[in-house]
Amino acid sequence: MSEQSRRPRKPAKPYRRPQKDPVRILAFEALRAVDERDAYANLVLPPLLRKAREKGDFDARDAALATELVYGTLRRQGTYDAVIAACVDRPLREVDPPVLDVLSLGVHQLLGTRIPTHAAVSASVELARVVLGDGRAKFVNAVLRKVAQDDLQGWIEKVAPPYDEDPEDHLAVVHSHPRWVVSALWDSLGGGRAGIEDLLAADNERPEVTLVARPGRATAEELLREDAAVPGRWSPYAVRLAEGGEPGAVEAVREGRAGVQDEGSQLVALALANAPLEGPDEKWLDGCAGPGGKAALLAALAAERGAALLASEKQPHRAGLVAKALHGNPGPYQVIAADGTRPPWHPGSFDRVLVDVPCTGLGALRRRPEARWRRRPEDLDNFAPLQRALLRTAIDSVRVGGVVGYATCSPHLAETRAVVSDVLKQRPDTELLDARPLLPGVPDLGEGPDLQLWPHVHGTDAMYLALIRRTA
Ligand SMILES: C[S@@+](CC[C@H](N)C(=O)[O-])C[C@H]1O[C@@H](n2cnc3c(N)ncnc32)[C@H](O)[C@@H]1O
């Protein structure tokens, strides 16, 4: 017998099956789908939650926790990546993406929730054992134990460069935005540190659910009778649902008389509808209508005045969504699938035209937690020609004296003022209108004549609107 075999052996730990925690497994699956398949969290999560509830695995609290884990992890990914990078001994790109997802979920529980430290670590290690195997679970355990040695503030002080040395990098890490997005938002917002910090912080807040009472079909008073409903801030048609309010439970929403719509989008439609016009006001066009939120409000406003809306959208399936949104509108309307840069209608046909052009969506980061990580500066170059072409055709489509609204859900100057000024330079037959007085009571809309809404100022998405009159 050898020396070694005579020494009493340390009894091996009995094998314990990993504990399956359906909430964390579901959150992990959602993150993998976002990562691997470029899926959108707001599309992936609801079917996963529905399936889990049908299996009887889940109650409402589990669903709320899974949602918070997925959205919180995606929103704070930039900060968490910096923390994880400080706790592993290799570049993050060399860590397997599924391992990184388990780590990020763990870091969010440790630094971004009230889940006790031991519970956050052990739940993450159990998750790792289930989805990655025991070997990699040890790695997860070691990293999370390091992360657990400090709180979020402490980590930020360690991993973010000092503001005075590099303000944009500092803000990018602290508020979890890509640096180029911080830079672009700051250019557009202007001002000092306080404003941009408030904006970036607002992007990390969960937005309230806002309803629109479509005029002539529902009233804000009717919606306010719902539990948890409070009046909108700016739009007379807006009603906000407090935390936990379920739009699907509202009868007027189920019947299409009301819809879910951010107040910023409502204000854009209202400003266009309020623009002063001489002569007829009978034919309105929404040239980029899908999925139909603004078109539904415009159609209802048009109906009140006896005007008709043509809602046009390039993608046929999105045109289908527009038709659904407009179904039941009390006045005349038509929905078509058409390319707004090669329109089937005659020039000068309309009194009011909206083009809510495809854009980077940098004004709606609150809603799409993964969008900020997916967007690239090159996207701006890809959208630029289309945005200009759509605005040019919109101007061609309006009659002399009529008004065009150019809207984006991005405040990026390359998608807002640069487009408008480039196009109008070549259009001496137009003038810019001051859009701000058309939204009386809404403060701080910018220096004009266009208007810019902001999440941290108005509680809306960062919608932009320029109003252009055709003069000749
Ligand atoms: C920002 S979304 C419009 C949102 C819509 N106004 C709403 O409130 O629901 C832009 C839309 O323009 C559509 N689009 C893209 N290229 C287009 C084109 N050449 N002509 C018309 N629509 C186009 C996209 O498919 C997308 O549905």
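Pro-449 is found in the loop between β10 (430-433) and β11 (451-452), where helices (H or I, at least four residues) and strands (E, at least two) are DSSP runs, numbered from the N terminus. The model is predicted, and local features need pLDDT of at least 70, side-chain atom pairs count only at pLDDT 80 or more, while totals for chains, interfaces and linings use all residues. Residues are numbered from 1 along each chain, in the order in which its sequence is written.

The peptide bond that leads from Gly-448 to Pro-449 is cis, with omega near -5°. A cis peptide bond also joins Gly-290 and Pro-291, and here omega is about 5°. Pro-291 belongs to the loop between β5 (283-286) and α16 (293-304).

## Helix α5 and its partners

Two packed helices are described by the angle between their axes and the distance between the axes. Axes are lines fitted to C-alpha atoms, for helices over the stretch in contact, and angles run from 0 to 180 degrees between N-to-C directions. Helix α5 (residues 77-87) packs with helix α9 (residues 152-159) at an angle of about 75°, and their axes are 10 Å apart. The two helices α5 and α9 are therefore roughly perpendicular to each other, given that angles under 35 degrees count as roughly parallel, over 145 as roughly antiparallel, 65 to 115 as roughly perpendicular and the rest as oblique. Ala-82, Val-83 and Ala-86 of α5 make the contact with Trp-155, Lys-158 and Val-159 of α9, where two residues are in contact if their C-beta atoms, placed from the backbone, lie within 7 Å. The residues of this contact of α5 with α9 divide into 5 nonpolar, no polar and 1 charged.

With α10, helix α5 packs at an angle of about 95°, the axes being 6 Å apart, and that makes α5 roughly perpendicular to α10. On the α5 side Gly-78, Thr-79 and Ala-82 meet Ala-172, Val-173 and Val-174 of α10. The residues of the contact of α5 with α10 comprise 4 nonpolar, 2 polar and no charged.

Leu-171, Ala-172, Val-173 and Val-174 of α10 are buried; a residue is buried if 20 or more other C-beta atoms lie within 10 Å of its own, exposed if 12 or fewer, and partly exposed in between, with C-beta atoms placed from the backbone. The buried residues of α10 pack against α5, α9, α11 and α12 (193-203).

Just after α10, Ser-176 takes a positive phi of about 55°, and this is a positive value in a residue other than glycine. Ser-176 lies in the loop between α10 (167-174) and α11 (179-189). The count of 22 other C-beta atoms within 10 Å is the reason why Ser-176 is buried.

Strand β2 is joined by 3 bridges to strand β3 (residues 238-241), and the two run antiparallel. Leu-241 in β3 is the bridge partner of Ala-229. Ala-228, which has a positive phi of about 70° although it is not a glycine, lies in the loop between α13 (220-224) and β2. Because Ala-228 has 13 C-beta neighbours inside 10 Å, it counts as partly exposed.

## Leu-48 in helix α3

Leu-48 has its place in helix α3 (residues 41-54), and it counts as partly exposed because it has 19 C-beta neighbours inside 10 Å. If its neighbours within four places in sequence are left aside, Leu-48 is in contact with Leu-26, Glu-29 and Ala-30.

Terms used
Pairing = 2+ DSSP bridges. Nonpolar A, V, L, I, M, F, W, Y, C, P; charged D, E, K, R; others polar.
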